[in-house]
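Please read them beside the model.

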Amino acid sequence: MNKVVANADEAIKDIESGAVIMLGGFGLCGIPENCITALVRKKVDNLTCISNNAGVDDFGIGLMLQQKQVKKMISSYVGENAEFERQLLSGELEVELVPQGTLATRCMAAGYGMPAIFTPAGVGTEVANGKEVRNFNGKDYLMEYAFDADFAIVKAWKGDTMGNLMYKDTARNFNPMMAMAGKITIAEVEELVQPGELDPNFIHTPGIYVHRIFQGKDYEKRIEQRTTRKSPPTP
Amino acid sequence: MPLNKEQIAQRIARELQDGFYVNLGIGIPTLVANYIPEGVNVVLQSENGLLGMGPFPFEGEEDADMINAGKQTITKLPGSSIFDSAMSFGMIRAGKVNLTVLGAMEVSENGDIANWKIPGKMVKGMGGAMDLVASARNIIVAMQHTNPKGESKLLPNCTLPLTGVKCVKKIVSDLGVFDVTPDGFRCIEYAPGVTIEEIKAKTAGRLTIADDVKEMIFN
């Protein structure tokens, strides 16, 4: 079993134009920075990207938008990105807005081998247009399909060479369920370790879901909204 | 005087009960955390995967891996827990979160809410709002009573695209507190110095005034 690849370029080398890819992260938190940079370098285009957000103008998926590599975004929130807005209004980019919990659970369903879910989110709104509605115990639910992605690209805190992953703090977000949902799952990690170094009791993503893993580098971890309070006076 | 944003948050904070798990939306709802009554312990949920959200970090202690749903750097309190987005919305969908507070552009007299999209303007997305309003056991809306043009935001029917239907239980606006009832909006409190006549004039939806309506008191 050898899941370890040298770097992001090798990890994504068979992602071709037109692919459907999932990218983990919430805002700029927990995004696979190395693989995004590699996809920009590879110049693949016509991509369908499933990701909660679309980055900002000069970071995250925003870098791929700048190079016009994205045909369609499937997201819950796409603010904070002027180039995104320009491409959307000009018709170059297609967007499908999905309620955030629905997005997460459609990923989860794929990883759990379930074809669809029923959720109340969006009942009675335009999100329900064209979707099957089922009533359970007096409440309406929309049927939403599991995602079908060629590749899932996730970012973890630590991983071992067998593909077991651990995430840190709110950088976990969409990464675990996307890791489970890809036909091919690529994980970039801040720290790649040998089997046995991670406590099996604290693995978030079992290695069976991960096909390729590599030690990431040069993480910028940009902060979107830096909010602080004044430090207490030192005695 | 109509309430300012801080006072709206302060009034909503009085709805918190000890032991509540609470999701606070972006804007005025976030301010509610500053007015949690003494002796009331609540746990704040951030839908990007955190229970036990704490205040902003001290300067220099920001951590890019610790953010809230508004992408602001935050801290976690002792006893907090971290989970993924599916579980986060799982606990919301399963009704485990006791109270959701969020902003709105419009609310209708039957409790429909519109807060995510204005036709003709760039749509940013609904984020987690549709999931929250579809499943929350108790939803309080924090908002201005009228829009910048002076038009009522408490309507017979929403005119904007809906976020959810028949879900809002209570509204705290700058003019008062309103329950959403089978008979429409019911004013149960009014802001200091605001008259019932003003509230009637600025409420387009069906409105009743509670028999025991009273003026809000602020310390």
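1. Contact here means heavy atoms within 4.5 Å. By that test, 52 residues of chain A are in contact with 47 residues of chain B.

2. Conventions first. The model is predicted, so local features need pLDDT of at least 70 and side-chain atom pairs count only at pLDDT 80 or more, while totals for chains, interfaces and linings use all residues. Residues are numbered from 1 along each chain as its sequence is written, chains are lettered from A and ligands numbered from 1 in the order written, and side-chain values use heavy atoms, with hydrogens and water left out.

3. Chains A and B bury about 4,300 Å² between them, 59% of it on carbon and sulfur atoms. Buried area is the accessible area (1.4 Å probe) that two parts lose on being put together, summed over both.

4. Seven salt bridges link chain A and chain B. The term means a side-chain nitrogen of Lys or Arg within 4 Å of a carboxyl oxygen of Asp or Glu. One of them joins B:Lys76 to A:Asp169 at 2.9 Å, N to O.

5. Which elements of chain A give two or more residues to the side that touches chain B? They are helix 4 (82-90), helix 5 (100-111) and helix 6 (175-181). Helix 5 gives the largest share, six residues. Helices are DSSP runs (H or I, at least four residues), numbered from the N terminus.

6. That side of chain A divides into 21 nonpolar, 18 polar and 13 charged residues. Nonpolar covers Ala, Val, Leu, Ile, Met, Phe, Trp, Tyr, Cys and Pro; charged covers Asp, Glu, Lys and Arg; the others, Gly among them, are polar.
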